[in-house]
2 protein chains.
Amino acid sequence: MDMLQHIALVPFFQGLPKEQLEQMAMAALEQVFKKGQIIFSEGEDGTGFYLVLKGRVKVFKLSPEGKEQILHILGPGEPVGEVAMFSGECFPAGAQAMEETRLLFFPREAFVEMIRRDPSVALRMLAVLAKRLRKFTALIEDLSLKEVPSRLAGYLLEHERSVRTGSCFNLEIPKAQLASLLGTIPETLSRILARMASEGLIQLDGTRGIRILDKEGLEELAQGLRRLA
Amino acid sequence: MDMLQHIALVPFFQGLPKEQLEQMAMAALEQVFKKGQIIFSEGEDGTGFYLVLKGRVKVFKLSPEGKEQILHILGPGEPVGEVAMFSGECFPAGAQAMEETRLLFFPREAFVEMIRRDPSVALRMLAVLAKRLRKFTALIEDLSLKEVPSRLAGYLLEHERSVRTGSCFNLEIPKAQLASLLGTIPETLSRILARMASEGLIQLDGTRGIRILDKEGLEELAQGLRRLA
DNA sequence: CCGATGCCTTGACGTAGATCAAGAGATTTC
DNA sequence: GAAATCTCTTGATCTACGTCAAGGCATCGG
C-alpha cells in the first residue's frame, strides 16, 4: 500500500480534496519503531508531528525517582507530538512505542502550508486538541478528586469493548502500564482488582482476563456514589 | 472605549487586518460578571467562547463531596470556554468570576468564518490550545509525581513577580484558592507554608505577604532534589 | 522438560496528607 | 465600635496508598 492510500484512510484527513492528500503524502515520511523504542524524549525540539498508522504509542512523564505517569496511549489514526509543534517549544513529555509501530512524520512547514490552502484542516486539528484537553481534564479530575478504585472502575467501563473472548474481555495493556495510566503502582492496582472481585463486581480470569459481573456497581463506584468495603 | 479598541489591544488578535477586527467587533458581545458569579457550568453546551477583558476567571472541577480542583486561572487577553466550542461537546468544567470581570463573547460561527478568511487565526488558536495542553501536562505531573511542598515551591517561584511591595510580594489569590489550584486543602497548605518558614526558605508577612529567603532551596524543593524535614 | 527471567500477587509496615474540631485574626456591616 | 462573617492557623486523629520484601505463576529459550 502506498503513502497516499495510507493517508486517505486516516479519519483526520477524510474528505479532503485529492491534491491536498497528495501534497501531504509528498511531505510525509514513514518511520518504523520496534517495541520499547523511544520516539522522542521530553525536552527535545519538535519540528513536526507524527500520525500513528499501526501499533500503539504511549506518551508519558517520569519523576526524578523513576515513577511513570502515562498521559495517553495513542493508536492508529491519532496524531502524536503536535503540542510541541504548535506551541513552538520542546516536547512536554516523552513518547515510546508499546509494540511494533509504524508512524508518519509530517514536518511543521508542510502542515502549515496545508492549513493555508484549506482552513478546514485547522478546524480538525483544533477539534483534536480540544478533545485532548478534555481527556486531560478528566485525568486531572481523577488524580485530584477520585480515589484509585473509582478511576479503575471508570477505566474498566470505558474499555469493556476491548479484546473480547467469550463474555469476558482482556486488558489490552499489561497491568503495570494500567497502573501508570491510573496514577498508581502495580501493587495497589492488584489489591484493588482483588477487592473488586471479592465484592462480586468483577471476576478475574488469568493474567489479563476480566469479566464484569456488576456493571451498575462499577458505575456507582466510578461516580463516587459507592465505595469498596 | 469602544469594542474595536478593546479587540485591537488583545494579543490574540494583534496584527490582523482592520476588516477582520471590525468583523469580530461586530460579532462580539460584552458581558459583565460580578465577583463569584458563574459564567458557565460543567455540562452546559458551548456555542462560542469568551475572551477576558478585565478581571480574573477560574475554571474548575468539583467532586461529588464538594472538593474543588482549579484547572486554571485566566486573566485579560486569555480565551475561556474554547474547548467545548471546538470539540463540539459540552463544557468539561465550570467557570466563575473571581472578581468583577468583563468578558467578550464570540459565537462559534463568527469565529469559524474568521478562520476561513484568515487561516493565521487558526494557527494562533492552535498555539493557545497547545500551551494549555502543556500546562495541563505540568498539572498532571504535579498531582501524580510530586508532593505538595514541591508544587507549592514551584508556584512561589513562578509567581514571585506578582504584586510586589518592597522586597516581599503578595499572593494574588486567597490561600483557599491556592490550595485548590495545587490540588490540596487550606489546612495542608497552611502547615507547609509554616514548615517552609521554619526552615528559613521563606518568611511569612501577614495574611498574604511572602518573602523568598532561599530561592535555591525552593528550586531544589520544586525539582524534588530536596525535601522538607 | 526444566531452569530462568519477567509479570503479578500478597503481606507487613510507614507516611503524606485528609478530616474533624477549635480557636485566632481579619474584614465587613450596621 | 461591637457583632457577625470570613479566612487562616494549629492540633489530634484517621486512612488511602506507597514502600519494602517475599513468594507464586507464567512464558521462553535451551
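**Figure 1. The β2-β7-β4-β5 sheet of chain A.** In this predicted model, strands β2, β7, β4 and β5 of chain A form an open sheet in that order, with antiparallel pairing. β2 (38-40) and β5 (68-74) of chain A are the edge strands, and each of them pairs on one side only. On average, neighbouring strands of this sheet are turned by 30 degrees against each other, direction ignored. A helix of the other chain, α5(B), packs on the sheet and touches β4 and β5 of chain A. The direction of α5(B) makes about 135 degrees with that of β5(A).

**Figure 2. Pairing of β4 with β5 in each chain.** In chain A, strand β4 (residues 57-62) and β5(A) are joined by six bridges in the antiparallel sense. Leu62(A) has Glu68(A) in β5(A) as its bridge partner. In chain B, strand β4 (residues 57-62) and β5(B) also pair in the antiparallel sense, over six bridges. There, Val59(B) is bridged to His72(B) in β5(B). β4(B) and β5(B) make a hairpin, with five residues between them. In the turn of this hairpin, Gly66(B) has a positive phi of about 100 degrees.

**Figure 3. The β1-β8-β3-β6 sheet of chain A.** This open sheet has four strands in the order β1-β8-β3-β6 (chain A), and the pairing is antiparallel. β1 (29-33) and β6 (79-80) of chain A stand at the edges with a single partner strand each, so one side of each has no neighbour in the sheet. Inside the sheet, strand β3 (residues 48-54) and strand β8 (residues 101-107) of chain A pair over six bridges in the antiparallel sense. Gly48(A) is found opposite Pro107(A) in β8(A). Helix α4 (residues 108-117) of chain A lies across β3 and β8 of chain A and runs at about 65 degrees to β8(A).

**Figure 4. Packing of helices α2 and α4 in each chain.** In chain A, the axes of helix α2 (residues 18-27) and α4(A) come within 10 Å and cross at roughly 170 degrees. α2(A) and α4(A) are therefore roughly antiparallel to each other. Gln20(A), Gln23(A), Met24(A) and Ala27(A) in α2(A) meet Ala110(A), Met114(A) and Arg117(A) in α4(A). This contact has four nonpolar, two polar and one charged residues. In chain B, helix α2 (residues 18-27) and α4(B) pack at an angle of about 170 degrees, with axes 10 Å apart. α2(B) and α4(B) are therefore roughly antiparallel to each other. On the α2(B) side the contact is made by Gln20(B), Gln23(B), Met24(B) and Ala27(B), and on the α4(B) side by Ala110(B), Met114(B) and Arg117(B). By class, these residues divide into four nonpolar, two polar and one charged.

**Figure 5. The contact between chains A and B.** In chain B, 37 residues are in contact with 38 residues of chain A. β5 (68-74), α3 (82-87), α4 (108-117) and α5 (120-145) of chain B each supply at least two residues of the side that touches chain A. The largest share of that side comes from α5(B), with 19 residues. The side of chain B that touches chain A has 22 nonpolar, eight polar and seven charged residues.

**Figure 6. The relation between the two chains.** Chain B is superposed on chain A by a rotation of 180 degrees with 0.0 Å of shift along its axis, with an RMSD of 0.1 Å. This is the relation of a two-fold axis. The same surface serves both copies, as 100% of the contact residues of chain B recur in chain A.

**Figure 7. The surface near DNA strand C.** DNA strand C is surrounded by 18 residues, of which Lys175(A), Ser190(A), Ala194(A), Glu147(B) and Thr188(B) are the closest. α7 (175-182) and α8 (186-198) of chain A, with α6 (148-158) and α8 (186-198) of chain B, each supply at least two residues of this surface. α8(A) gives the most, six residues. The residues of the surface near DNA strand C divide into eight nonpolar, five polar and five charged.

**Figure 8. The surface near DNA strand D.** There are 17 residues around DNA strand D, and Glu147(A), Thr188(A), Pro174(B), Lys175(B) and Ser190(B) come nearest. Here α6 (148-158) and α8 of chain A, with α7 (175-182) and α8 of chain B, each supply at least two residues. α8(B) provides the largest share of the surface near DNA strand D, six residues. By class, this surface has eight nonpolar, four polar and five charged residues.

Key:
Residues numbered from 1 in each chain as written. Chains lettered and ligands numbered in written order. Predicted model: local features only at pLDDT ≥ 70, side-chain atom pairs only at ≥ 80, totals over all residues. Contact = placed C-beta atoms within 7 Å. Nonpolar A, V, L, I, M, F, W, Y, C, P; charged D, E, K, R; others polar. Near = placed C-beta within 6 Å. Pairing = 2+ DSSP bridges. Axes fitted to C-alpha atoms, helices over the stretch in contact; angles between N-to-C directions. Least-squares fit on C-alpha atoms with pLDDT ≥ 70 in both. Parallel < 35°, antiparallel > 145°, perpendicular 65-115°, else oblique.
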